[in-house]
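Notebook open, viewer loaded. I want to go through a few spots one by one and jot down what turns up.

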Amino acid sequence: MTAASDEALDGNAAAGVLAEVFAMDVTAAIGQCAGCGQRSPLGATVAYLQAPGVVLRCRGCDLVLVRVVTGPDRYWVDLSGLSVLRVMRPDDAGPSGA
Ligand SMILES: [Zn+2]
């Protein structure tokens, strides 16, 4: 049932490219799988960094959740495997706002 293989790392391994694309670390964002409905932080998914681009797969059903391909002057981002991505706003990080 697990999607992991010898090439697989956990989703936290994709933090660098995801931070570049989204200008913040979204590994803590909660993604809901469009296939099985499992909700998980992106950092807890299964990451393949040696694919053509970065691929994150669902640990529940192995569906591709996120694909990021890096070109010389742009990124291609496919989030079609996510039905929802919940990203916390920095202002909501705690009660001690200015
Ligand atoms: Zn799934």
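I started with Val-64, which is partly exposed because its relative accessible area is 23% (buried is under 20%, exposed over 50%, partly exposed in between, with a 1.4 Å probe and protein chains only). Before going on, I noted that this is a predicted model, where local features need pLDDT of at least 70, side-chain atom pairs count only at pLDDT 80 or more, and totals for chains, interfaces and linings use all residues. Residues are numbered from 1 along each chain as its sequence is written, and side-chain values use heavy atoms, with hydrogens and water left out.

Val-64 sits in strand β6 (helices, H or I, of at least four residues and strands, E, of at least two are DSSP runs, numbered from the N terminus). Leaving aside residues up to four places away in sequence, I found Val-64 touching Val-55, Leu-56, Arg-57 and Gly-81; contact means heavy atoms within 4.5 Å. I also checked Val-64 against Asp-78: they are 14 residues apart along the chain, and their C-alpha atoms are 9.3 Å apart.

**Zinc**

Which residues hold the zinc ion? I get Cys-33, Cys-36, Cys-58 and Cys-61, each through SG, at 2.3 to 2.4 Å (donors are N, O and S atoms within 2.8 Å of the metal, 3.2 Å for Na, K and Ca). The spacing in sequence reads C-x2-C-x21-C-x2-C. The 4 donor atoms subtend angles of 100 to 116 degrees, so the arrangement is tetrahedral (four donors, all angles between 85 and 135 degrees). Cys-58 is buried because its relative accessibility is 2%, whereas Cys-61, at 34%, counts as partly exposed.

**Thr-27**

Last stop was Thr-27, in the loop between α1 and β2 (30-33). Buried or exposed? Thr-27 has 9% relative accessibility, so I logged it as buried. Its side chain makes a polar contact with the side chain of Asp-25 at 2.7 Å (a pair of N or O atoms within 3.5 Å; within protein, one must be able to donate a hydrogen and the other to accept it, and residues adjacent in sequence count only if both atoms are side-chain atoms).

Technical notes. Four donors count as tetrahedral if all angles lie between 85 and 135 degrees; four count as square planar and six as octahedral if opposite donors are over 155 degrees apart and all others between 65 and 115; anything else is irregular.
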